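Q: Hi! Could you walk me through this structure with me asking whatever comes to mind?

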Amino acid sequence: ERPFLQIERNHLKNYALYNDLHWIEDPTNSQTSFDRNRVRHQVLPVIRKRWKTVDSSIARAAQNCQELSVLGEQIAGQDIAECTAYQVYFPVSRAPVLDLIKLDGLTIERRINLLRWWIESNCSGALSRNRFQEVLNQLASLRGPGSGGMSWNGWYLHRYRQYLYLSPEFKNVERQSYNWDGVSAKEIVGTDLMLAPVVDSRPKRSQYRVSFANNNANMRIENRGCSKTVRNLFQENAITPVMRPLLPRVFWNDKLVCIVGVASIEGFEQQSFYN
């Protein structure tokens, strides 16, 4: 915000002097080696001689840009809410997952506006124009490849099926099987998940084994009357392959009882393992 942009500098200075206000002058403001100062001290005086109202015109243009920016943000917020795939499980990022089928229903201008705000409001590293165009034409287009990803400045944007994901770049965290006592809370590195017991239960210690690599283990899905492998359940729930190595598979007496955040056997409380 620059609330005094439309007020001329000499008016502000006279007001400050009249009211005995003190200000700090940046010593670099007079150094014309900086482009901003060269424009201020050498270019603008020449323009003002030809166009007397240039300052008010610039201020008006800046105000118009600010209003358009606010409007763009409001429209982007509405469109993101409409295009969010709420059913997709992705606990490794605060950024909503986008459904490209819904995104495809927007005009090209609104798609560009949505994607720009989605990226800039959820990560600290802005994309260059060329890389943003690549996202628009490839990863965020139903006519582009069905999968793929892009990394920049510690962030990772990727597509799986019809969904677009944005998250911090995944680290190669070593994931080994370990025993869990069913009592101690244990953070799952790289996610917002935590292994924790049900509040009113007292499970026996050293009862569970936690694995991150077994995709062929079967889980009995009682309400379907069938067994599904970990791989099947990941596919059915649209769990992106990027996230699968992060999700714990919990075993009890060598029986798969829970895939954190995805599925659990009947009578086994999922909240035991999700905080």
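Q: Let's start with strand β12. Is it mostly buried or exposed?
A: Buried, for the most part: in this predicted model, four of the five residues of β12 (residues 255-259) are buried, so the strand is largely enclosed by the rest of the structure.

Q: Which sheet does β12 sit in?
A: It belongs to an open sheet of five strands, ordered β5-β8-β11-β12-β13, with antiparallel pairing.

Q: And which strands stand at the edges?
A: Those are β5 (178-180) and β13 (263-264). Each has a single partner strand, so one side of each is left without a neighbour in the sheet.

Q: How many bridges hold β11 and β12 together?
A: Four bridges, in the antiparallel sense. If you want a pair to click on, Val-250 stands opposite Cys-258 in β12.

Q: What about β12 with β13? How many bridges there?
A: Two bridges join β12 to β13, and the strands run antiparallel. Cys-258 turns up again here, standing opposite Ser-264 in β13.

Q: Nice. Which residues take a positive phi in those hairpins?
A: In the β11 and β12 hairpin, with two residues between the strands, Asn-253 has a positive phi near 55°. In the β12 and β13 hairpin, with three residues between the strands, Gly-261 has a positive phi near 80°.

Q: Take me to one. Which residue does Arg-110 pair with?
A: Asp-79, with the closest N and O atoms 2.6 Å apart. The pair links distant parts of the chain, as Arg-110 is in helix α5 (residues 108-122) and Asp-79 is in helix α3 (residues 54-83), 31 residues apart.

Q: Are those two buried or exposed?
A: They fall in separate classes. Asp-79 has a relative accessible area of 3%, so it counts as buried. Arg-110 is at 34% relative accessibility, so it counts as partly exposed.

Q: Which residue meets Arg-143 in a salt bridge?
A: Asp-104, at 2.9 Å from N to O. This pair also links distant parts of the chain: Arg-143 lies in the loop between α6 (129-139) and β2 (147-152), Asp-104 in the loop between α4 (100-103) and α5, and they are 39 residues apart. Arg-143 is exposed, at 63% relative accessible area, while Asp-104 is partly exposed, at 30%.

Q: And the remaining pair, what does Lys-228 meet?
A: Lys-228 meets Glu-236, with 2.7 Å from N to O.

Q: Why does Lys-228 count as buried?
A: Its relative accessible area is 19%, and the buried class takes in anything under 20%. Glu-236, at 40% relative accessibility, counts as partly exposed.

Q: While we're on helices, where does α2 bend?
A: At Val-43, by about 40°, and a proline, Pro-45, follows within four residues.

Q: How far does α2 reach from end to end?
A: Helix α2 (residues 35-50) has 16 residues and spans 21 Å from its first C-alpha to its last, which is close to the 22 Å expected at 1.5 Å a residue.

Q: Let's hop to the surface. Which residues make up the nonpolar patch?
A: Phe-4, Ile-7 and Leu-12, which together have about 270 Å² of accessible area. Leu-12 is in helix α1 (residues 9-18) and is partly exposed at 34% relative accessibility.

Q: Now back inside. Where does Met-243 lie?
A: In the loop between α7 (230-236) and β11. Met-243 is buried, with a relative accessible area of 0%. The C-alpha atoms of Met-243 and Phe-90 are separated by 7.6 Å, though the two residues are 153 residues apart along the chain.

Q: Last one: how far is Gln-74 from Leu-114 in space?
A: They are 10.0 Å apart, C-alpha to C-alpha, and 40 residues apart in sequence. Gln-74 is in helix α3, and it is partly exposed, with a relative accessible area of 48%.

Notes. Residues numbered from 1 in each chain as written. Predicted model: local features only at pLDDT ≥ 70, side-chain atom pairs only at ≥ 80, totals over all residues. Heavy atoms only, no water. Salt bridge = Lys/Arg side-chain N within 4 Å of Asp/Glu carboxyl O. Buried < 20%, exposed > 50% of the residue type's maximum accessible area, 1.4 Å probe, protein only. Expected span 1.5 Å × (residues − 1). Bend = angle between axes of the 7 residues up to and from the residue. Patch = residues over 30% accessible without salt bridge, like charges linked within 9 Å, V, L, I, M, F, W, Y side chains within 5 Å. Areas by Shrake-Rupley, 256 points an atom, 1.4 Å probe, with all protein chains shown as cover. Pairing = 2+ DSSP bridges.
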